[in-house]
Every structure is written in C-alpha cells, then in structure tokens.
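Visitor: I would like to go through the labels on this model. Please give me the rule behind each one.

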Amino acid sequence: MRRGYSRQRARDRTAVRLGWAAAVLLALAAVFLSHVHHREMQAVRAQAAQTRAQLMAQSMGQRLAHAMAAGIPLRRLVGVTEFLDRWHASHPEVTRIAVHDLEGQLLWSSRAPAAAAADISTASADIAPAGVPQARVQVQLHNGSRQGLAERLALLVPAVLLVSALACLGALFACAQG
C-alpha cells in the first residue's frame, strides 16, 4: 500500500508541475500575441492617421482657397490663426497645423508647439484658388498608439490568470481521476 501511495503522490506532483508549466506557457503565448497584435495595430493606426491628416489638410486648404477666391490676397487673410486654433481645439489628435508659402516660409500656425516625430503622421495640401497653388497647409496628427507595454499587460493579466487557473484545475482534476 505504501508503494502505491508514493506513486500516486509522484503522479500528483508531476500533474501539478505540468499544470504550472502549461500556465507559464499560456502566459508567454499571451504576451507574445499581445506584442504582435500591438505592432499590427500600430501600422493600421499610422495608416489611418496619415489618411485623416491628408483629408484634414485638404479640407483646410479648400476653405482657405475659397477665401482667397473672393479676392483677398493670401497674406491679407484675417483670422487664419484663430481658424487653425479652432480646428486644432475640435480635433484633439491634431498636434500642429501650419500654413507655409510656396517657399516654405511659415505664415500661420496653430498655437500648439510642434510635436516630436515619434508616432506622428504629417500631411500637407495646397491652397490653390482657381487651381493655382499659392501656399500649403500642413497637419500633424498623433497616431493614437499611446498605449504602452505596461497597459497592454495590465489588460492581459486577468485573462492569463483565468486561463492559467483553468490549466491548473485541469491538471488537479486529472490527478484526482487517477
């Protein structure tokens, strides 16, 4: 009887160790998949931000071109900074809006400072009344990928713990079944 008991204990310990090994492997797989998903989503967010920045720049360029088409010279437009600031305030993902002449000289900008290059998409569009470019609008947007590794792992912890607990319970259940 003693020998059978020690074999059962050895099987139980092995099953528990396998359960813990499965839990660790599941946790590692979850972290890896989270990282891969984050990288894929970064690329999608960057592309979406680039498209959105381009559409915003075109829209602002068209609005300024309409004002110039009314006969107001570019440098005499009034309220452009306020227009850019209102646009900036109504779109929190915008980090900066600027209007440059064709030589690249800054004419107006929103009052926000230029953002760092990381996770920023920049697009520009011509201000072209009657189809003749006279200036360019440049829009910078944050890509929206502010969530770091710590936040992603914090979101994963409950799911990993649940699956790990299930793996351990499965191992213990297998031990109890013999």
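What follows sets the values beside their definitions.

Guide: This is a predicted model, in which local features need pLDDT of at least 70, side-chain atom pairs count only at pLDDT 80 or more, and totals for chains, interfaces and linings use all residues. Residues are numbered from 1 along each chain as its sequence is written, and side-chain values use heavy atoms, with hydrogens and water left out.

Visitor: How do you know how many helices and strands the protein has?

Guide: Helices (H or I, at least four residues) and strands (E, at least two) are DSSP runs, numbered from the N terminus. That gives three helices and four strands. Their order from the N terminus is α-α-β-β-β-β-α.

Visitor: What makes β1 and β2 a pair?

Guide: Two strands pair if DSSP finds at least two bridges between them. Strand β1 (residues 94-101) and β2 have three bridges, in the antiparallel sense. Ala98 is opposite Ser109 in β2. The hairpin of β1 and β2 has four residues between the strands, and Gly104 there has a positive phi near 95°.

Visitor: What makes a set of residues a nonpolar core?

Guide: The set must be buried Ala, Val, Leu, Ile, Met, Phe, Trp, Tyr and Cys residues joined through side-chain atoms within 4.5 Å. The largest such core has 25 residues, and Met60, Val99 and Val139 have the most contacts inside it. α1 (2-69), α2 (80-90), β1, β2, β3 and β4 each supply at least two residues of this core. The largest share, seven residues, comes from α1. Beyond four places in sequence, Val139 is in contact with residues including Ala53, Met56, Met60 and Ile97.

Visitor: Why is the link between Arg52 and Glu93 called a salt bridge?

Guide: A salt bridge is a side-chain nitrogen of Lys or Arg within 4 Å of a carboxyl oxygen of Asp or Glu. Arg52 and Glu93 meet at 2.6 Å, N to O. Arg52 lies in helix α1 and Glu93 in the loop between α2 and β1, so the pair ties together parts 41 residues apart in sequence. Arg52 is partly exposed at 40%. Glu93 counts as buried at 19%.

Visitor: How many salt bridges does this rule give?

Guide: The count comes to three. One of them joins Asp101 and Arg75, with the closest N and O atoms 2.9 Å apart. Asp101 is in strand β1 and Arg75 in the loop between α1 and α2, 26 residues apart. Asp101 is buried at 6%, while Arg75 is exposed at 54%. Asp126 and Arg136 also meet in a salt bridge, at 2.1 Å, N to O. Asp126 is partly exposed at 35%, and Arg136 is partly exposed at 32%.

Definitions and conventions
Buried means under 20% relative accessible area, exposed over 50%, partly exposed in between (1.4 Å probe, protein chains only). Contact means heavy atoms within 4.5 Å.
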